[in-house]
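This report describes how the parts of one protein chain are arranged relative to each other. The sequence and the structure are shown first.

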Amino acid sequence: MTIKVIIVDDERLARNELKRLLAKHSQVEIIDEAKNAEEAKEKIAEHKPDAIFLDIHMPGATGLELAESLGDDVNIIFCTAYDQFAVDAFSLNAMDYLVKPVNPERLADSLVKLEKRLAQSKEKSSLPDDHKLMVKYGEKMRIIQLNEIIRFESIGNHAAIYTPHGKAYLHSSLNKIEKKLDESHYFRASRSDIIRLDAISSMEQSIGYGLTATLSNNQTVEISRRQATKLKQLLEFTQL
């Protein structure tokens, strides 16, 4: 299991030290870092990490305030020089509380907890590929299977779905839908699109080193440079 994390700390040296410690754990991928709560919110929304390592004392909003605003959207491991905020941290459903300087053994224990939580969460939330949904096409209701959905497209707080039967809508946000999907079948191409991997019929390099994917229904979806790199790794593309 790959654990995607973001480090949130206003001190560069503290971020570098945590990166050094995490580098010893091959399952951890540090996908970004942030210097304050405002920056962290943007990067969490963009990357959808499995967890964040979060300092408490930062300019602007504190780590506790950030955690409260995030709710259950991401696993939080506090990493701070102060031990007196542990009760407050756990009241916000923090997964763990590490005191600087971080003990490598405590960090390893925390990562084991995180792996178990992620495995349990995936087991509970991921829908099977033959999961049935009732959706409305025009004036008719039709029962479809999840594996018939080629693409999910964000439309405000709802999502349009594209299947061989045409276009329909789900009353759910793309972020909520993504949590229910098996990542071996579906891929987050961008903030506004999730595509089915086996529905990709071809891909071309696009401006900015991204990709343009053509789907089995002849729709094209733009994949950003960052996501294009992830997709190539996922599909194990090799240079000839």
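Taken over C-alpha atoms, the centres of domain 1 and domain 2 lie 30 Å apart. Nine residues from domain 1 and nine residues from domain 2 take part in the contact. The model is a predicted one, and the domain assignment of the protein chain places domain 1 at residues 3-122 and domain 2 at residues 132-235.

| Property | Value |
|---|---|
| Area buried between domain 1 and domain 2 | about 630 Å² |
| Part of this buried area given by carbon and sulfur atoms | 36% |
| Salt bridges between domain 1 and domain 2 | zero |
| Residue pairs in polar contact across the interface (both at pLDDT 80 or more) | one |

On the side of domain 1 that touches domain 2, β2 (28-34) and α2 (37-47) each contribute at least two residues. The most comes from α2, with three residues. By residue class, this side of domain 1 consists of seven charged residues, one polar residue and one nonpolar residue.

## Annotated region

How many residues of the chain does a record annotate, and under what name? The UniProt annotation, from an unreviewed entry, reads "domain: Response regulatory" and covers residues 4-115.

Technical notes. Residues numbered from 1 in each chain as written. Predicted model: local features only at pLDDT ≥ 70, side-chain atom pairs only at ≥ 80, totals over all residues. Heavy atoms only, no water. Domains from an automatic or database assignment. Contact = heavy atoms within 4.5 Å. Buried area = accessible area lost by both parts, 1.4 Å probe. Salt bridge = Lys/Arg side-chain N within 4 Å of Asp/Glu carboxyl O. Polar contact = N/O pair within 3.5 Å; in protein donor to acceptor, adjacent residues only side chain to side chain. Helix = DSSP H or I, 4+ residues; strand = E, 2+ residues; numbered from the N terminus. Nonpolar A, V, L, I, M, F, W, Y, C, P; charged D, E, K, R; others polar. UniProt positions renumbered as here; feature names shortened; annotations may be inferred.
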